[in-house]
Amino acid sequence: MKIKLIYPKWPKLKNQPEFNLPPHGPVCFAATLPPDVELSFCDENVEALDFSDGGDLICLSVMLTCQMPRAWEIADKYRAMGKKVIFGGIASMLHHEEVLAHADSVFLGEAEGRMEQVLRDFQENKLKKTYNFLHDFPDTKLIGTARRNILKHELYHFRGVQMVDLVHASRGCRFNCFPCCTPYLGGCKFRPRPIENVIKELESIDNSRLFIVDNSLSQDDAWEKELFRAIAPLKKKWVSHPIKDDDEILDLAVKAGCWYVYQAVVDTSDHIRRRIKRLKERGIGVEGTIILGMDNQDEDYIKRLVDFLLEIELDLAEFTILTPFAHTPIRAQMEQEGRILHNDWIRYTGGEVVFKPAKMSVDSLQEMYEYAWKTFYGDFSKEIKMAKLYLKVIEKEKRDGTYKESALRARRRRGEGQ
Ligand code: SF4
């Protein structure tokens with residue numbers, strides 16, 4: 001059987017230099033398919049989609065809400081050509097009802113151990129309209145090494161620098177933050193993969209630089225320590241979402257190759273200041289993720305917040321506008337208060353105001369978002385700050401003698417031989 005797997009294009013934030021990371025959802029999904037399936041993959045963010053080159057079954061992997069309108073266009077076109085289309089991925093779970101109008105089938109939940117049945121149904125022309133495994137989680141032992149050989153690695157670089165590979169060591173999250181749909185999808189449960197399987201996967205990746213995409217590594221101290229101890233001998237360098245602010249764990253993270261972390265900055269407190277300082281003292285870079293437009297914020301608050309970010313010398317800052325995505329606590333609250341302006345999903349990028357802010361007008365929040373980007377990157381552009389952060393990883397690799405191997409791997413990925 002031939003399957004064509006597609007990752008639809010989405011609109012990028014205009015304040016960001018445009019680069020594309022190799023997608024993670026499709027390569028994890030590919031690992032769940034039986035080995036006799038002939039699979040071709042198109043990431044529309046880096047290459048044009050050729051509609052004439054269809055498989056027996058079209059699979060759309062959709063992660064983001066703003067990817068959804070394009071996914072529907074693609075599905076409609078294939079279905080008009082007589083192809084069967086199945087949807088999966090996070091955004092398909094969040095927008096299940098709407099997706100049904102564009103799909104022969106929608107898969108909700110995690111695919112490990114379930115695709116044989118779905119493909120059998122397809123072959124017998126008995127594809128179900130919905131496969132609902134939401135909150136019925138497969139054993140994390142079943143999560144295999146992602147099939148990265150479906151990616152055209154040479155297409156994922158920025159100014160000649162090879163992008164990191166994405167990998168995950170756990171699923172779910174035990175927290176329940178107000179702007180986040182992970183609790184809805186993952187049921188507030190932390191589900192680690194067996195560490196030996198994670199290590200096997202890391203060893204298989206022909207890239208020395210990785211992004212460990214787990215929602216938060218700060219979920220279970222004993223697990224986090226064990227993971228970092230196990231990663232250390234591989235001498236990989238990696239980026240991740242938050243790690244626990246604890247001396248022993250931070251030191252282990254450094255030994256395990258932590259390069260920089262994403263850290264939410266929600267206020268100008270000493271707690272945040274201390275946390276950033278402790279990371280930077282250990283040579284771990286910090287990219288702040290900053291949501292603008294929360295109910296306690298007005299124009300002056302945002303100005304003070306940006307000044308604070310400059311003062312604590314964040315390496316990078318990514319500003320987004322609070323966005324009430326489906327199945328988040330903040331959406332439930334705003335719906336009740338009648339504050340949602342529209343459901344034009346392609347505009348749910350995090351770069352546009354789609355709700356009525358509490359202490360500002362819509363225009364004013366939009367202006368403050370532009371102000372934040374312009375002011376934070378006033379002296380040094382994002383590209384220059386990214387380059388400085390990139391130099392950090394080179395320094396780390398030179399220190400532990402892995403730089404040459406890392407550079408060779410990157411050249412191989414770009415198709416430049418040895
Ligand atoms: S924002 Fe992060 S830590 Fe909070 S619930 Fe979502 S995934 Fe978990």
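Student: OK, so a crossing is right-handed if the near helix is turned clockwise from the far one by less than a right angle, and left-handed if anticlockwise. Is the crossing of α11 past α13 left-handed or right-handed?

Tutor: Right-handed, in this predicted model. The two helices are α11, residues 299–311, and α13, residues 362–376.

Student: What angle do α11 and α13 pack at?

Tutor: About 15°, and their axes are 10 Å apart. Angles under 35 degrees count as roughly parallel, so α11 and α13 are roughly parallel to each other.

Student: Which residues of α11 and α13 meet?

Tutor: From α11 you have Glu-299, Ile-302, Lys-303, Val-306, Leu-309 and Leu-310. They meet Ser-364, Leu-365, Met-368, Tyr-371, Ala-372, Thr-375 and Phe-376 of α13. By type, the contact has nine nonpolar residues, two polar and two charged.

Student: What touches what between α8 and α9?

Tutor: On the α8 side, find Asp-221, Glu-224, Lys-225, Phe-228 and Arg-229. Across from them in α9 are Glu-248, Ile-249, Leu-252 and Ala-253. That contact divides into four nonpolar residues, no polar ones and five charged ones.

Student: And how does α7 pack with α8?

Tutor: Helix α7 covers residues 195–204 and packs with α8 at about 35°, with the axes 10 Å apart. Here α7 passes α8 in a right-handed crossing. The contact is made by Ile-195, Val-198, Ile-199 and Leu-202 of α7, together with Trp-223, Glu-226, Leu-227, Ala-230 and Ile-231 of α8.

Student: How many nonpolar residues are in the contact of α7 with α8?

Tutor: Eight, along with one charged residue and no polar ones.

Student: Let me zoom out. What domains is the protein divided into?

Tutor: Domain 1 runs over 2–140 and domain 2 over 156–409. Taken over C-alpha atoms, their centres are separated by 26 Å.

Student: Last one! Where is Val-46?

Tutor: Val-46 sits in the loop between β2 (38–43) and β3 (57–61).

Student: What is Val-46 in contact with, leaving aside neighbours within four places in sequence?

Tutor: Asn-20, Leu-155 and Tyr-156.

Notes
Residues are numbered from 1 along each chain as its sequence is written. This is a predicted model: local features need pLDDT of at least 70, side-chain atom pairs count only at pLDDT 80 or more; totals for chains, interfaces and linings use all residues. Side-chain values use heavy atoms; hydrogens and water are left out. Contact means heavy atoms within 4.5 Å. Helices (H or I, at least four residues) and strands (E, at least two) are DSSP runs, numbered from the N terminus. Ala, Val, Leu, Ile, Met, Phe, Trp, Tyr, Cys and Pro count as nonpolar, Asp, Glu, Lys and Arg as charged, and the others, Gly among them, as polar. Domain bounds come from an automatic or database domain assignment. Axes are lines fitted to C-alpha atoms, for helices over the stretch in contact, and angles run from 0 to 180 degrees between N-to-C directions. Angles under 35 degrees count as roughly parallel, over 145 as roughly antiparallel, 65 to 115 as roughly perpendicular and the rest as oblique.
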